Amino acid sequence: MAVQKRVVSIFLIQLVLLAVSGFNRVNGAGLRTGYYDESCPDAETIALKTIRKAISKDVTLAAALLRLHFHDCFVRGCEASVLLNATKEGGAEKDGFLNLSLRGFDVIDDVKSAIEKSCPGVVSCADILALAARDAVQFQTGGLFWKVETGRRDGRISLSKEIDANLPFSNFNITQLKQNFASKGLTKKDLVVLSGAHTIGSASCFTINTRLYNFTGRSDTDPALDPTFASELKKKCKPGGILPVFELDQGSSTISDAQFYKAVRQNRGLLISDAALLDDHATRAYVKRQSKSAAGATFGRDFGKSMEKMGRIGVLTGSEGEIRQRCAFVN
């Protein structure tokens, strides 16, 4: 009887630990600002200096690093699986079709290398990626800023086959977008707010080609796209073309303002997923509200809150995962 009670007790403890672990992954428990204040007090300063140096040489890296963080969090959570290289078992996330255009891996490696010299084996690649996205965007735009909670640990698995089921496609309609974000614990407001990240960044002719030339498979143009804007795009983006690259926020891609939402409201959003924001009452109302103000009525504050929320998706903390020595390789 005593043995049976002990077995039951151990089983219950295991259930509790599993429940707590699951709670942590969903809610980001275990993260906090200033996590490295004692173990590596210069970590965030080193990251900031390294990021600013990189952005000074190439301003397009801000959008690239933000996208890298987003793509990491939406597949397996914010645990740096997007940084891992392929193994003999198969392709990694970075090898998936939607991730082939990701950039900024070298910048993350530079930050990691610099921090490792100061305090080896302490700061995770997942935290470096989260800090890099914030610092890069803030440095480029001069406006967008959010608190970055730290304390994440790095995952050990990265599979290219998991990409399509987790990342939103640029041709998603509003129903697909809402379902995708909801699966990550994000709301419709998070969806429309995080779409505002398109205030910086770009998309290639290849990405919008179908929208311009074969929207329904009948050699037609998306009727939701402003005809004048479509004509302008067609002058540069030819059928079947890959280049050139277009600013997602035409003429305003290096600052944080309401121009993206104004463009969407005027049916001049570049991507199908941008235009889809007008197909839901709540997301459409947000687009209209932000587009009425030069800087976006509440966009900066809202964006910070949604980024903090996104940064908690699927995190590994405590004894989960590891602290990688090199971000592209499991220890």
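**A pocket and its surroundings**

Tutor: In the second largest pocket, the lining divides into 7 nonpolar, 5 polar and 2 charged residues. Here Ala, Val, Leu, Ile, Met, Phe, Trp, Tyr, Cys and Pro count as nonpolar, Asp, Glu, Lys and Arg as charged, and the others, Gly among them, as polar. The model is predicted, so local features need pLDDT of at least 70 and side-chain atom pairs count only at pLDDT 80 or more, while totals for chains, interfaces and linings use all residues. Residues are numbered from 1 along each chain as its sequence is written, and side-chain values use heavy atoms, with hydrogens and water left out.

The lining of this pocket comes to 14 residues, and those nearest its centre are Asn 85, Ala 86, Thr 87, Arg 156 and Ser 158. The space in the pocket is about 220 Å³. A pocket is an open set of points on a 1 Å grid over the protein atoms alone, with protein on both sides within 12 Å along at least five of seven lines; a cavity is a set where a 1.4 Å probe fits but cannot get out, and lining residues have an atom within 4 Å of a point. Points are joined across faces, edges and corners, and a volume is the space filled by probe spheres set on them.

Asn 331 sits in the segment after helix H13 (299-310); helices (H or I, at least four residues) and strands (E, at least two) are DSSP runs, numbered from the N terminus. Beyond its neighbours within four places in sequence, Asn 331 is in contact (heavy atoms within 4.5 Å) with Glu 322, Ile 323, Arg 324 and Gln 325. A polar atom of the Asn 331 side chain lies 2.8 Å from the backbone oxygen of Ile 323.

The largest cavity holds about 70 Å³. Its lining includes His 69, Trp 146, Lys 147, Glu 149, Arg 152 and Glu 308, and by class has 4 nonpolar, 2 polar and 4 charged residues.

Other sites come from the record. UniProt, in an unreviewed entry, places a "binding site" at Pro 168; such annotations may be inferred rather than shown by experiment, feature names are shortened, and positions follow the numbering used here. Pro 168 is in the loop between helix H5 (125-141) and helix H6 (174-182). Not counting residues up to four places away in sequence, Pro 168 touches Phe 70, Phe 74, Leu 177, Asn 180 and Phe 181. The "binding site" annotation of the unreviewed UniProt entry also covers Thr 199, Asp 249 and Asp 257. Thr 199 lies in the loop between helix H7 (188-195) and S1, and has a relative accessible area of 1%. That makes Thr 199 buried, a term for under 20% relative accessible area, with exposed over 50% and partly exposed in between (1.4 Å probe, protein chains only).

For the whole chain, the secondary structure is 13 helices and 2 strands. Of its 331 residues, 50% are buried. Among contacts between residues at least 6 apart in sequence, 75% join residues at least 24 apart.

Definitions and conventions
A polar contact is a pair of N or O atoms within 3.5 Å; within protein, one must be able to donate a hydrogen and the other to accept it, and residues adjacent in sequence count only if both atoms are side-chain atoms.
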